[in-house]
Amino acid sequence: MSHNIFELFAQRFAPHHDTPFLSTPGEPSYTYADIDRRSATIAAVLAEDGLRPGDRVVAQIEKSADAVALYWACLRAGLVYVPLNTAYTAEEVGYFIGDAEATAFVFSPGKAAKLQPIGDIAGVERMYTLGTRANGTLAEAAAQVAPRTTVLACEPEDVACMLYTSGTTGRSKGAMLTHANLASNGLALHAIWRFQDGDVLLHPLPIFHVHGLFVALHCAILNASNVIFLSKFDVDDVRGYLPSATVMMGVPTYYSRLLADPDFGADDCATIRMFTSGSAPLAPSVFREFTLRTGHTICERYGMTECGIITSNPPEGQRIAGTVGYPLPKVEVRVCDDDDEPVEADEIGGVQVKGPNVFPGYWQLPDKTTELMTDDGFFRTGDIGSAASDGRLTIVGRNSDMIISGGYNVYPKEVEIQLEEVDGVVETAVVGLPHPDFGEGVAAFVVAKPDVTEADLRDAIADRLAKFKQPKAYIFVDDLPRNAMGKVQKAALRADHSEAFALLDL
Ligand code: MLC
Ligand code: AMP
């Protein structure tokens, strides 16, 4: 029996082959049969071009029905799909296609001038463009070939996707996710979130991260649901389509932005049976105001690239603000001290996870993977939290300085490295400070010679870092606070400047 997750998808959507799957505003709906066939023709092109199971297909493409068809093509052919944030600059993309040793690189037609040379330098064998309107060289080639309907028989532990994350040391690492990881997490979520006939998912999330590509889309596919497939989050668009949906998944910024619209309220949400939130902490104030305004209690859940969804507030039971609920079925969560010894209930420690959802490791970094796994097979998440006596988990922070801005991870080291290359900059410290819209905003504390200006810094990194990583505030200081060991005290910077974004005219 094959463990290719595409087999599971096909079994679920086969009885609904001709029903709507991706409904993009302004376009005719694509049925499951449309995307199934489209993915089979893309798989045929990739196979004819020599791609073999296990090869990495790196894609920096806009959210579209064809992007999903490419993802399915990779799954069915046993290729490793490597989606990249569309905000990454050409320089960042060069790192990823090199590190992944990409065999194929698919990018938006509009970025060809910048990215084709990057692919050439990296020695990528096959490059294609793929637009949002069935345009681009890959789409055109796929339109000329017969579908390749076979689905490669996979083992559970075969790698299906690789997503870059956790760059605490300044560079992201490729988290490998297997067919079994994705299948177990998708089936668990489909069950605990009570997906049912007739559910329609409103999908404003990007599809280059776990949340939008796996957590949201896989639940819908396993339910053969129709997906209202928005190109990005926009308050007016979301409000317009909520009445056509029954489920929406989002990051906290989505909910705070909806609440910032004074006209948003219960009438918008009359058809919705579940809102979920994750990828970053949901402020209890947002949780409570959302309930007051709409009558809905957001279901907060906790996940990460390396583990998919780990815990969720209960579908029927009590959802408590500031908590992330209980472990999914077959997932074990424990809170431990520095010696990997479980702490008492309600005591704070490091969150560790074990289960079919946990990834096998980082691409070509076995030592890093080993370092994060305990002797008894638990993954050290790097998150700090506590578990109540009934197992309900609360996340209170992270043991790294990682910033989560609007649901995207930003690694301070990656930003500091770029800023410190600017002439006249002596040193920097990048931290996340409370931000009314993004949850945390990237702020850079800079020690520099007098002639260095903020504009110099912004210009220097404009083409080197994705915009979401670029500091939204620059604070020039004479020196950085240090402890007795000489280590910069970022906690002090966060504490002393916690109001910085609240004071800015955002
Ligand atoms: C965009 N910008 C951001 C940003 N997104 N800056 C910081 N943080 C972000 N997340 C930049 C833009 O480039 C723009 O710069 C400026 O900020 C304002 O843009 P905007 O129009 O307000 O941003 P928008 O395009 O609306 O995007 C904001 C957002 C988006 C919150 C809608 O970031 C988003 O959809 N986030 C979801 C991320 C996600 O899917 N995370 C899941 C990770 S998986 P300029 O200069 O051009 O104005 C995971 C596991 C799990 O964590 O548990 O789920
Ligand atoms: P990523 O590496 O992009 O998958 O981000 C995963 C990280 O997001 C986790 O390790 C947590 O730090 C954070 N995270 C995800 N969901 C939540 C949540 N509900 N509450 C707090 N932090 C969260």
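This is a tour of a predicted model, going from its domains to a set of salt bridges and then to one helix.

**Domains.** Colour the chain by its three ranges: domain 1 (5–13 + 30–178), domain 2 (233–398) and domain 3 (402–496). Keep domain 1 and domain 3 in view; their centres, taken over C-alpha atoms, are 33 Å apart.

**Where domain 1 meets domain 3.** Select the residues in contact across this boundary: 14 of domain 1 touch 14 of domain 3. About 1000 Å² is buried between the two domains, and carbon and sulfur atoms give 46% of that area. Two salt bridges are counted between domain 1 and domain 3. The count of residue pairs in polar contact between these domains is four. On the domain 1 side, the touching residues are two nonpolar, nine polar and three charged.

**Glu-92 and Lys-469.** Show these two side chains. They form a salt bridge, with the closest N and O atoms 2.6 Å apart.

**Arg-464 and Glu-91.** Select this pair next; Arg-464 forms a salt bridge with Glu-91, at 3.3 Å between the closest N and O atoms. Arg-464 sits in the loop between helix H14 (454–461) and strand E25 (473–476), while Glu-91 is in helix H4 (residues 90–99), 373 residues away in the chain. Arg-464 is partly exposed, with a relative accessible area of 28%, and Glu-91 is partly exposed at 35%.

**Arg-334 and Asp-376.** Here the salt bridge has its closest N and O atoms 2.7 Å apart. Arg-334 lies in strand E16 (residues 332–336) and Asp-376 in the loop between helix H12 (366–372) and strand E19 (379–387), so the pair ties together parts 42 residues apart in sequence. Arg-334 is buried, with a relative accessible area of 15%, whereas Asp-376 is partly exposed at 37%.

**Asp-401 and Arg-494.** Their side chains meet in a salt bridge at 3.7 Å, N to O. Asp-401 is in the loop between strand E20 (393–398) and strand E21 (403–405), and Arg-494 is in helix H15 (residues 490–496), 93 residues apart. Asp-401 counts as partly exposed at 30% relative accessibility; Arg-494 is also partly exposed, at 28%.

**Helix H10.** Finish by selecting residues 252–259, where six of the eight residues are buried. The buried ones are Pro-252, Thr-253, Tyr-254, Tyr-255, Leu-258 and Leu-259. To see what covers them, show elements including helix H9 (235–241), strand E11 (247–250), strand E12 (274–277) and helix H11 (284–294).

Conventions: Residues are numbered from 1 along each chain as its sequence is written. Chains are lettered from A and ligands numbered from 1 in the order in which they are written. This is a predicted model: local features need pLDDT of at least 70, side-chain atom pairs count only at pLDDT 80 or more; totals for chains, interfaces and linings use all residues. Side-chain values use heavy atoms; hydrogens and water are left out. Buried means under 20% relative accessible area, exposed over 50%, partly exposed in between (1.4 Å probe, protein chains only). Helices (H or I, at least four residues) and strands (E, at least two) are DSSP runs, numbered from the N terminus. Contact means heavy atoms within 4.5 Å. Domain bounds come from an automatic or database domain assignment. Buried area is the accessible area (1.4 Å probe) that two parts lose on being put together, summed over both. A salt bridge is a side-chain nitrogen of Lys or Arg within 4 Å of a carboxyl oxygen of Asp or Glu. A polar contact is a pair of N or O atoms within 3.5 Å; within protein, one must be able to donate a hydrogen and the other to accept it, and residues adjacent in sequence count only if both atoms are side-chain atoms. Ala, Val, Leu, Ile, Met, Phe, Trp, Tyr, Cys and Pro count as nonpolar, Asp, Glu, Lys and Arg as charged, and the others, Gly among them, as polar.
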